[in-house]
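Please read the points below with the sequence and the model at hand.

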Amino acid sequence: MFQDISIEKLNELRGKNEITVIDVRSPSEYAESTIPGSINIPFFTDEERAEIGTLYKQVSIQTAKERGLEIMSAKLPAFVKKFAEIQGNKAVFCWRGGMRSRTTATVLSLMGIHVYRLDGGYRAYRRWVVETLGTMEFPPEVYVLHGYTGTGKTEILRALKNKGYPVIDLEGLAGHRGSIFGEIGLRSHNQKTFDALLLEELLRYRHEPFILIEAESKRIGKVILPEFLIDKKEKGTHILLDAATDLRVRNIINDYRPTEHAEQSLQAFRQIQSRIHTPVAQEIETCLLSGNYERAVELLLAYYYDPRYAHTVSSYGEEFQKLEPISFDTLEQAVPLVEEHIRKLSSRNRLNRQEQPGA
């Protein structure tokens, strides 16, 4: 027979890459939210699940079960074969650890394929995520990258992560760039998915001396940052980046690719059009319609994003105003400059900790 596995044990095995986690819920349930890294082998398709649900509510539980058995019997050989092809430890889960995962684990056991079943299913996992984010202590210091829109903060952070630095890419986890244009070309994540991905990163870096993040507002697209991380960000060590307008324009064009997303870019602009001085707004719209995206971005920076950023940083206090910016002409030049700054910050902070009483 199969064995139930707890969230804690499952996470331990996941952390060591010693188990494959399989979501047997329908494709739409899986797409909406799942355990990070899991694969989807659905017990029922979305249409089959809807049919059975209707029978359950409108006819009887027994009728729904019989229809479910009829559907599953026809595709059982292919279903079992998919599991047989997966090597090593396996764990299955459904919504509550109920019928779908129990039936899957039982059938596979009868076929000589051992799998674990997650106790409590996805609902238990989601509860664990929420409780952990709500109560966790996160010791690492937070280094926060600031800079005007288009400075290349996200690209610099990703380059640093590729070099082994402890970076948490909040925009990447949210599937959103954090502006009115932020979802263009991306698939925005919901709060459940973001929380799960964020917790994975926080647990990965909880023993590091520091992490690097971008200066984000409380909300990124559809998701909201946990309060403790906002507090850590506000009390963190701030790094200010500075780049010329022409580089910022190129960065934005390269990132958002407006030629591939012309209609989305225009519709996003129209959501903020009324906040920009009318003659300038008209010129931006004309540029977007004619494909003159460089000029449109220049105007958006000068008359919308830069004033908003200046207003935001004015509330950061005197210490922030005294920061010496890291200036650069290219993103390739920026990465080693930021690395050198991080080394100096880490050395200074290490000395400060050593000088503290009881250190």
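1. Helices α3, α4 (61-84) and α5 (99-110) each contribute at least two residues to its lining. Among the contributors, α3 gives the most, with six residues. Please keep in mind that the model is a predicted one.

2. The volume of the second largest pocket is about 700 Å³. Its lining consists of 17 residues, and I52, Y56, R96, M99 and R100 are the ones that lie nearest the centre.

3. I168 touches L173, L198, E201, L202, Y205, I211, L212 and I213, leaving aside residues up to four places away in sequence. As a general matter, nonpolar side chains tend to be buried together in soluble globular proteins.

4. Charged pairs deserve a separate point. Side chains of opposite charge can pair when their charged atoms come close. The structure holds 27 salt bridges, and three of them are described in the points that follow.

5. E29 and R49 form a salt bridge in which the closest N and O atoms are 3.4 Å apart. Because E29 belongs to helix α2 (residues 27-32) and R49 to helix α3 (residues 46-58), the pair ties together parts that are 20 residues apart in sequence. Is E29 buried or exposed? E29 counts as buried because its relative accessibility is 11%, below the 20% limit for that class. R49, with a relative accessible area of 38%, is partly exposed.

6. R177 forms a salt bridge with D255, and here the closest N and O atoms are 3.2 Å apart. R177 lies in the loop between α8 (170-174) and α9 (191-204), while D255 is in helix α11 (residues 245-256), so this pair ties together parts that are 78 residues apart in sequence. R177 has a relative accessible area of 11% and is therefore buried. D255 is partly exposed, its relative accessible area being 25%.

7. A further salt bridge links E285 with R270, with the closest N and O atoms 2.9 Å apart. E285 is found in helix α13 (residues 278-290) and R270 in helix α12 (residues 262-272), so the pair ties together parts that are 15 residues apart in sequence. E285 is buried, with a relative accessible area of 18%, whereas R270 counts as partly exposed at 36% relative accessibility.

8. The last point concerns E318, which is found in helix α15 (residues 318-321). Its relative accessible area is 62%, so E318 is exposed. How far apart are E318 and A84 in space, C-alpha to C-alpha? The distance is 62 Å, and E318 and A84 are 234 residues apart in sequence.

Methods: Residues numbered from 1 in each chain as written. Predicted model: local features only at pLDDT ≥ 70, side-chain atom pairs only at ≥ 80, totals over all residues. Heavy atoms only, no water. Contact = heavy atoms within 4.5 Å. Salt bridge = Lys/Arg side-chain N within 4 Å of Asp/Glu carboxyl O. Helix = DSSP H or I, 4+ residues; strand = E, 2+ residues; numbered from the N terminus. Buried < 20%, exposed > 50% of the residue type's maximum accessible area, 1.4 Å probe, protein only. 1 Å grid on protein atoms, 1.4 Å probe; cavity = no way out; pocket = protein on both sides within 12 Å on 5 of 7 lines; lining within 4 Å. Points joined across faces, edges and corners; volume = space filled by probe spheres on them.
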